[in-house]
Amino acid sequence: MEIRLLVIRTEDQERLANFYSLIGLTFEYHKHGNSPMHYSATIGSLVLEIYPLAKNQTEIEKNIRLGFAVDNFDEILELLRKSNVAVSEPALTEFGFIAVTTDPDGRKIELYS
């Protein structure tokens, strides 16, 4: 089994797509079927989509925690810092080096070397 789709919702799709682009994702802005316009990026066989809030949704889900193994770990951390994004100092864990940041909506994002 593997995860193929992950959808996160936001009030500001462009801002969120710009943030995730800093860590290396490339987005398309499109729609399919009856869906609203949204951003979509492919990571291996996973599709990460950034949708607007649902019709009855009043708050952003901030308790989702995402983790990304990234190429050019040090360069991405530096790019985030230069973009005024707070990033923890990398720490060695049982999973390798990890740094934690927060996306513009408040979700914790783990970056792995």
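How many aromatic pairs does a search of the whole structure find? The search finds four aromatic pairs. The structure is a predicted model, and its protein is made up of two helices and eight strands. The points below cover the fold, the surface and charges, and the aromatic rings.

**Fold and dimensions**
- Read from the N terminus, the elements of the protein follow the order β-α-β-β-β-β-α-β-β-β.
- The protein has a radius of gyration of 14 Å, which agrees with the value near 13 Å that a compact globule of 113 residues would have.
- Taken along the principal axes, the box filled by the C-alpha atoms is roughly 45 × 30 × 20 Å.
- Of the contacts between residues at least 6 apart in sequence, 53% join residues at least 24 apart.

**Burial, surface and charge**
- Buried residues account for 36% of the 113 residues of the protein.
- The accessible surface of the protein is about 7,200 Å², and carbon and sulfur atoms contribute 49% of this surface.
- The protein carries 11 positive and 17 negative side chains; the centres of these two sets lie 6 Å apart.

**Aromatic rings**
- A pair of aromatic rings is described by two values, the distance of the centres and the angle of the planes.
- Among the four aromatic pairs is the one formed by phenylalanine 19 and tyrosine 20, which is edge-to-face, with 5.0 Å centre to centre and 85° between the planes.
- Phenylalanine 19 and tyrosine 20 are both buried.
- Phe19 and Tyr20 also belong to a cluster with Phe68, linked by ring pairs.

Terms used: Residues numbered from 1 in each chain as written. Predicted model: local features only at pLDDT ≥ 70, side-chain atom pairs only at ≥ 80, totals over all residues. Heavy atoms only, no water. Helix = DSSP H or I, 4+ residues; strand = E, 2+ residues; numbered from the N terminus. Rg over C-alpha atoms; globule rule 2.2 N^0.38 Å. Buried < 20%, exposed > 50% of the residue type's maximum accessible area, 1.4 Å probe, protein only. Contact = heavy atoms within 4.5 Å. Areas by Shrake-Rupley, 256 points an atom, 1.4 Å probe, with all protein chains shown as cover. Lys, Arg positive; Asp, Glu negative; His and termini not counted. Charge placed at Lys NZ, Arg CZ, Asp CG, Glu CD. Phe/Tyr/Trp six-rings, centres within 6.5 Å; stacked < 30°, edge-to-face > 60°.
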